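Please have the sequence and structure at hand while reading.

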Amino acid sequence: MKAIVVLFDSLNRRFLPAYGGDQVELPAFERLAERSVTFDTCYGGSMPCMPARRELHTGRSNFLHRSWGPLEPFDDSVPELLRDAGVYTHLVTDHQHYWEDGGATYHNRFSTYEFLRGQEGDRWKGHVADPDIPESVTWLRRGAWRQDWVNRAYMATIEDHSQTKTVDAGLEFVATNAAADSWMLQIECFDPHEPFFSYEEHKRPSAAEYTGPHFDWPDYRRVVEDEATVEHAREEYFSLLRFCDQSLARVLDAMDEHDLWEDTMLIVCTDHGLLLGERGWWGKNVQPWYDENIHTPLFVWDPRSGAAGERRDALVQTLDLGPTLLEFFGVPLTSDMEGRPLSTLLSDGSPIRETGLFGSFGGHVCITDGRYVYMRSSATAENAPLYEHTLMPTHLHSRFTPVELADAELVPPFPFTKNAPLLRTRGFGVGSPYNFGTLLYDIESDPAQLEPLRDPDLELRMAGLLVEAMRQNSAPPSQFERLGLPVEGPVGKEHLLVERQWEQVQRGLGGVVPADEFEAVHPGVHTPIVELMAEEATREALVAVIPAAARMLNWFGSLTPWQLSVMNPAIGASSLNELQQRLRQP
């Protein structure tokens, strides 16, 4: 038996033909749906990129215990379990986060792996002189922005692009090993993640009608651009989708050429979606995990069942994919895995789970039963207590700092850490869920999630399901306290938050404070944060109104306080007015 997993990053199901998308022609995805089972109710879990990949390895949710980070010493790893059981596992990818501080323990779990370079500011080619960068709509200009423009110069043709080379490497493995047995190949493309870098052959003629600044890399924030600019960014995403469709066609062709459909499982999936102006937002992470981002596409061909051109509407999640591979190869699941194999669901439609837990560290903690979605906010504006629990103290691009570790303490093991104690340090989320309040939606009657519900009885039921899932996941007591939920005992009406946080819900649904409401003076709310932090008086004024500004300096220092308000609904007109007044005081 053999298996191929094709993982695209940031693949929005609503643009795929199998899910009703008609904005762009994607013949390979149509062909895939004819050869596989399409899952209508697949949800991500631990968000975003590397936490999702940790779920793929471990088969369990991790976002309640730590932020983005490597596999931990106590983590089970499906590729490693397969390898140890005699299944050859191979990874080909251009997903650069694997070779950064926060992802450096994943690839060595495979028997072999091959990296292709150049995506999203990958620290690849070294240029001391700045590259030529066109005028752009994008606000954030961190090091990755500059490096990305260096890298693009080395991907002048489709053949040079890392996506092409990734699929080339995967197909080379298939051609070399098609006659062999007992292997698993993961072809992982970073696309269609931003930046939406593709080539002229992928673009529709209408794309040439846009005459504004360059724009293929949206910031994660609310939309302040005009409709023509928004449509251009979507067109750039669609162009990249066409590129991905061509790559998928090459994989399907290889399945045909080598007659792999008889004994090879095929899984085509993603980690999450991406907002492209829907509900007035770009990106992910800084807003709640709305349907466009968390409700994901999934296609599975299992040669044992032979089901193809069919659909399944039962609830499944990312963490079910690892156990599915283990079961396919006859390797036992571990006792710590929360995911379940898809085999019975594929063969006879039998459901494998009643609920799905999802969210990101320090953000909303969410539960769905397949119809209703409950996004639980922190109970207070402090969004605390929040702790990292880890034995691998690294972030996305860095190690934990000595300041972060100064108050670290060793705490007892969790049931899934195999008797290993953990380092506990204070954690920080990306923004605060409190700014959006607790949200409750009926996906059946409101698939666009435009009408949040105020239904105490329904909230009570969903909060009960959430607590049950958190307890099964051995969530830290601090998470229950942060959310205002009981560690033990039943959930009561005293624990409900929708009504109490309705003001935040409405504010989170609101628009942007217009930039022209504030005079363009220096210092002021249109002055970059890094400049305000450079002088004692302006730094004190900034931190007095926006306390988190100092912590945001490395990531968002180039932005102004007004631009920061576009990302964060908690920084409203009153905060900006207060800051403007403080900064103008002699």
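At what angle do helix α15 and helix α18 pack, and how far apart are their axes?

## Basis of the description

This is a predicted model, in which local features need pLDDT of at least 70 and side-chain atom pairs count only at pLDDT 80 or more, while totals for chains, interfaces and linings use all residues. Residues are numbered from 1 along each chain as its sequence is written, and side-chain values use heavy atoms, with hydrogens and water left out.

## Helices α15 and α18

Helix α15 (residues 536–545) packs against helix α18 (residues 573–584) at an angle of about 160 degrees, and their axes are 9 Å apart; axes are lines fitted to C-alpha atoms, for helices over the stretch in contact, and angles run from 0 to 180 degrees between N-to-C directions. Helices (H or I, at least four residues) and strands (E, at least two) are DSSP runs, numbered from the N terminus. The angle therefore makes α15 roughly antiparallel to α18, a term for angles over 145 degrees.

On the α15 side the contact (heavy atoms within 4.5 Å) is made by Thr538, Ala541, Leu542, Ala544 and Val545, and on the α18 side by Ser575, Glu578, Leu579, Arg582 and Leu583.

## The sheet

Strands β5 (residues 88–93) and β7 (residues 183–189) run parallel and are joined by 6 bridges, with His90 opposite Leu185 in β7.

Note on methods: Pairing = 2+ DSSP bridges. Parallel < 35°, antiparallel > 145°, perpendicular 65-115°, else oblique.
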